[in-house]
Amino acid sequence: MLLAIDWLLIIEKFILIVVVVLVALGIAMYSTWAERKVAAVMQDRRGPNRAGPFGLFQPLADGLKLFFKEEIIPNTSNKFLFVLGPMLAMMTAMLTSAVIPWGGKFEIAGRTIDLQIADVNIGILFVFGVVSLGVYGIMIGGWASNNKFSLMAALRAASQMISYELAMGISIIALMFITGSLRLSVIVEQQMNHTWNIIYQPIGFLVFFICALAECNRTPFDLAEAENELNFGYHQEYSSMKLGFYLFAEYINMFISGVIMSTLFFGGYDIPFINEAAYGNVWWITLLGVGALFTKAIIFVLIFMWIRWTIPRFRYDQLMNLGWKALLPLALVNMLITAAVVLWLNK
Amino acid sequence: MPTLTSRAKQVDRRPMSLAEKLYLPAIFKGMAITMIHVFKKKATINYPEQKRPFSPVFRGLHILNRDEEGRERCTACGLCAVACPAEAITMEGAERQPGEEHLYREEKYAAKYEINMLRCIFCGLCEEACPKDAIYLSETFAPSNFNRASFIYGKEELRIPHPKEDPEGYKKALGNRAKK
């Protein structure tokens with residue numbers, strides 16, 4: 001019975017994908033607004049407040065502006081790769097959302113609907129794979145632009161990603177010792193029944209958080225878009241919506257990394273101080289769980305912004321020193337200690 | 001080492017301490033500072049809705065004054081044009097015809113009166129030179145425009161609203177600077 005396709009499942013997943021993509025895009029849009037607002041209030045200014053109430057239509061105006069800008073593909077650039085770059089950046093940014101458990105289960109007409117697009121048993125590994133693909137969008141875009149500054153930025157982005165992915169991966173290995181599973185839904189369920197992983201892995205979280213900043217190319221690690229050294233960075237030759245895609249991808253990455261951090265360390269869709277299991281699969285408790293996950297993720301995004309508008313950029317040698325001489329050993333020690341403790345407890 | 005001037009400051013070149021090498025204490029301190037600024041009073045004012053109060057000696061756009069009955073005060077004597085250091089004012093005089101007494105206060109009036117706002121330096125010497133209190137500088141800005149010709153203001157733009165037909169506008173344009 002290989003041909004017996006569960007059409008309902010396909011429809012259900014399709015709807016879920018559309019919703020997740022739309023929500024991620026919406027959040028990325030309003031992240032641009034929030035970024036400007038956060039920057040403004042931290043500098044004693046007011047920020048966008050003309051388009052709509054509190055400037056809430058500003059992202060729409062910005063998007064419209066980007067669409068109406070002239071689309072320029074430089075003569076000397078490699079056209080195929082030039083177009084591929086932003087596409088890749090956007091695609092990899094969206095792909096990670098596939099394995100994230102966005103909430104508990106719904107029951108509609110006797111059918112249990114999982115709020116996760118794909119419950120892969122190597123969930124976190126998949127996230128890592130896709131995130132490291134993300135650098136190709138930047139590298140290809142920077143290289144295809146045929147511009148020295150773009151190339152420099154792409155080089156920086158690539159080396160930065162490689163350096164910080166190591167420490168990030170090792171901090172996750174320490175977490176895996178505790179959870180014993182790579183499946184994200186299992187990790188969340190464990191945290192719902194016990195305590196959040198941040199209690200067991202504070203150092204692991206710190207390393208992960210710093211590496212997440214670096215992976216998202218956020219200040220203080222935004223060397224790939226250092227305006228005052230590289231003019232604009234890897235997207236210097238880009239215009240119109242292709243530039244918009246790059247900027248959008250950055251904000252989606254930020255949101256997704258916030259979601260992953262909440263999932264791994266802060267209980268995912270677990271509502272703090274409430275035992276969800278006592279209510280069963282009630283639709284409103286599931287929705288509240290989704291809300292809890294989004295709240296946590298958005299708090300992380302706001303912290304990212306807070307950091308951006310507080311501290312200056314690292315110098316390149318400082319960046320490399322921090323990655324290789326501080327974070328990597330710290331993550332390794334953390335991993336070894338965790339391993340020893342887990343072994344000792346299991347004996 | 002002796003310092004060359006009394007203002008020279010010794011730079012601290014000691015290697016960073018552990019707390020400084022960790023970066024984190026300094027970062028948290030910085031984040032606390034930015035957080036405090038979130039709750040501070042904003043320096044910006046919402047311009048078109050909210051306006052900054054002008055000082056009493058502020059000199060803005062010119063206004064050609066009328067008297068209480070709405071007659072133009074200017075007699076086209078040309079003293080303002082002579083006083084103007086930027087040579088921004090030009091005018092043409094004309095004689096008042098019988099039946100125009102309700103329009104012009106004296107026998108002679110300015111048929112054409114132009115100020116080039118791009119030349120004007122808003123020094124207020126025209127106001128000081130005028131023997132008839134016919135011109136004074138108000139509390140408004142010259143608005144921006146797309147071409148140079150639109151910056152040459154004629155009588156239409158300069159004249160104060162009629163005190164009887166538009167008393168509100170008259171009062172507003174009069175402001176605090178006109179001699180009453």
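Helix 3 of chain A covers residues 79–95, and at 1.5 Å a residue its 17 residues should span 24 Å; the end C-alpha atoms are 24 Å apart, which agrees. The expected span is 1.5 Å times one less than the number of residues in the helix. Helices here are DSSP runs of H or I with at least four residues and strands are runs of E with at least two, numbered from the N terminus. The model is a predicted one, in which local features need pLDDT of at least 70 and side-chain atom pairs count only at pLDDT 80 or more, while totals for chains, interfaces and linings use all residues. Residues are numbered from 1 along each chain as its sequence is written, and chains are lettered from A and ligands numbered from 1 in the order in which they are written.

Helix 3 of chain A has a kink of about 25° at A:Gly85, shortly before the proline A:Pro86; the bend at a residue is the angle between axes fitted to the seven residues ending there and the seven starting there. Both A:Gly85 and A:Pro86 belong to the buried residues of this helix, which also include A:Phe82, A:Leu88 and A:Met90. A residue is buried if 20 or more other C-beta atoms, placed from the backbone, lie within 10 Å of its own. Among the elements covering these buried residues are helix 1 (7–42), helix 4 (123–144) and helix 10 (240–265) of chain A.

Chain A as a whole comprises 12 helices and 2 strands. Its radius of gyration is 21 Å, close to the 20 Å that the globule rule gives for 347 residues, so chain A is as compact as a globular protein of that length. The radius is taken over C-alpha atoms, and the rule is 2.2 Å times the number of residues to the power 0.38. Of the 347 residues in chain A, 42% are buried.

Chain B contains an open sheet of 3 strands in the order 2-3-5, with antiparallel pairing. Strand 2 (89–95) and strand 5 (152–153) of chain B stand at the edges with a single partner strand each, so one side of each has no neighbour in the sheet. Two strands pair if DSSP finds at least two bridges between them; strand 2 and strand 3 (residues 108–116) of chain B pair over 7 bridges.

The contact between the chains takes 10 residues from chain B and 11 residues from chain A, where residues are in contact if their C-beta atoms, placed from the backbone, lie within 7 Å.

Methods:
A residue is buried if 20 or more other C-beta atoms lie within 10 Å of its own, exposed if 12 or fewer, and partly exposed in between; C-beta atoms are placed from the backbone. Two residues are in contact if their C-beta atoms, placed from the backbone, lie within 7 Å.
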